[in-house]
Amino acid sequence: MAVCTGCSLLCEDIEVALKTGAIEKAKNLCRKGQGHFQALFSDRTVPSVEGGETSLDQAIEKAANILMNAKDPLLYGWSNSSLEAQKVGIELAKKLEAKIDDTSSFCQGQLLERVLKGELPSCTLDDVRNFADVSVFWGADPSNSHPRHLSRFSYYPRGSKRQKGYEEERNCVVIDVRKSSTAKLCSDYFRIPPGGDAEFAEAIIAILDGKMPRFGDKKRMIGLASIFKKADFGAIFPGLGLVYSLVQKMEIFENLVARLNDVSNYKVVPMVGHYNMRGFNELMLDETGYINQISFKNGVHHGSENSVTMAAKSSDACLVVGSDPLSALPFVIARSLAKSQLVVIDPRRSLTTDAAKVVIPSAMSGLESGGKAVRMDGVRISFEPIFESNLLSDEEILTRIMEAI
Ligand code: SF4
């Protein structure tokens, strides 16, 4: 059995057979996973310096040189690397007295930090499968982002206390600005206007407090509050839609979860995207007391000035591991990053590798290299390589850069 690292569900039941340059047969792989495995065969990187192909040794030597001589280096990415590679990355940041940050900085970090610090109650996805009778997808569309979420854990499966599954025993509620693919499958869908998440949460709190809601269709809102109250075990899965909408008002969501726990039992599992973002955040919390946005210059300093969005403007060199910030970040930040000396470790070609001064090809985690990762719910998953490769893992490349510095 193989583990798919296509998303943070880290499905462990994958069976796959290859023929030359393609997947011949695959079992249990969703369409997103198919694309992830198929990526083995296209757009692979080669070692390069200043756009010219070179040897791996020379690329590593040049990378070490750039990072060693940088005045204000930034180390970024990490969410698509194994725990072992992330650990070496944090040690490298300490050695360089660099800034270090990951993708959680501008996505699920706010919520994940609350979960990791015990400020929001959480549970495993196995608990959801076994016990949950209400699943709430809020600003999340797992049918596209985590295609096997509903079938493995949150809606369709039979669990130890949920033998009748979705037909009789589970409610699935989607709160979103549009009728997403998930909303079309679930039992209840509530459309909210963009930015309407706070008002929606406040309306549910008002009903739980015995007041009339001032938002949406009153009858439907009261019906939803009734579903929430009657639940034995509810799981809320917040996606980026909720995170971006609440930004500085996350306490409203915390209040709602607290009120729901006054009347029933509710847990929160943030819909982390990348396969090991949570792993990096857990390691950073253990190491520094914060999940991201750290500078190791003369000690440990946390703050938004160390986030990729701020640090990109001041850093003179940036090591990017398994990420494509030039595609993902706003243009102004991407432009600043592109102007710095970019060193990229990545198995596949991207806009960021195309702009990099140094590119170091790596093995694809879970396919060509093994390791451990943390699933979106905090469960640790080990994986072995399933295809032979001469490429080094992220961990091995980072170790060699460390040794060269
Ligand atoms: S749900 Fe995610 S981990 Fe599971 S097979 Fe699909 S992409 Fe891979």
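Let's start with a hairpin. Strand 17 and strand 18 form it, with five residues between them. Strands here are DSSP runs of E, at least two residues long, and helices are runs of H or I, at least four residues long, both numbered from the N terminus. In the turn, Gly 378 has a positive phi of about 95°. Strand 17 covers residues 371-374 and strand 18 covers residues 380-383. The two run antiparallel, joined by four bridges. Val 374 stands opposite Arg 380. Two strands count as paired if DSSP finds at least two bridges between them.

A word on what we are looking at. This is a predicted model, where local features need pLDDT of at least 70, side-chain atom pairs count only at pLDDT 80 or more, and totals for chains, interfaces and linings use all residues. Residues are numbered from 1 along each chain as its sequence is written.

Now the overall layout. Domain 1 takes 44-107 + 274-404, and domain 2 takes 109-268. Those bounds come from an automatic or database domain assignment. The C-alpha centres of the two domains lie 33 Å apart. Their contact uses 12 residues from domain 1 and eight residues from domain 2. Contact means that two C-beta atoms, placed from the backbone, lie within 7 Å. What is the side of domain 1 that touches domain 2 made of? Four nonpolar residues, five polar and three charged. Nonpolar means Ala, Val, Leu, Ile, Met, Phe, Trp, Tyr, Cys and Pro; charged means Asp, Glu, Lys and Arg; the others, Gly among them, are polar.

Look at strand 5, residues 73-77, and strand 6, residues 99-102. They run parallel, with four bridges between them. Leu 74 stands opposite Lys 99 in strand 6.

A residue is buried if 20 or more other C-beta atoms lie within 10 Å of its own, exposed if 12 or fewer, and partly exposed in between, with C-beta atoms placed from the backbone. Buried residues in helix 3 include Val 88, Ile 90, Leu 92 and Leu 96.

Three bridges join strand 10, residues 234-238, to strand 11.

Tyr 266 sits in strand 11. Gly 234 stands opposite Tyr 266. Is Tyr 266 buried or exposed? Tyr 266 is buried, because 24 other C-beta atoms lie within 10 Å. Leaving aside neighbours within four places in sequence, its contacts include Pro 121, Ile 236 and Val 257. Its C-alpha is 9.7 Å from that of Leu 120, 146 residues apart along the chain.

Ile 207 is in helix 10, residues 197-208. Ile 207 counts as buried, with 21 C-beta neighbours inside 10 Å. Beyond four places in sequence, Ile 207 touches Pro 213, Met 221, Ile 222 and Ala 225.

Last, two loop residues. Glu 50 has a positive phi near 50°. Glu 50 lies between strand 3 (48-49) and strand 4. It is exposed, with 9 other C-beta atoms within 10 Å. Gln 293 also has a positive phi, about 55°. Its loop runs between helix 14 (277-288) and strand 12 (294-295). Gln 293 is buried, with 25 other C-beta atoms within 10 Å.
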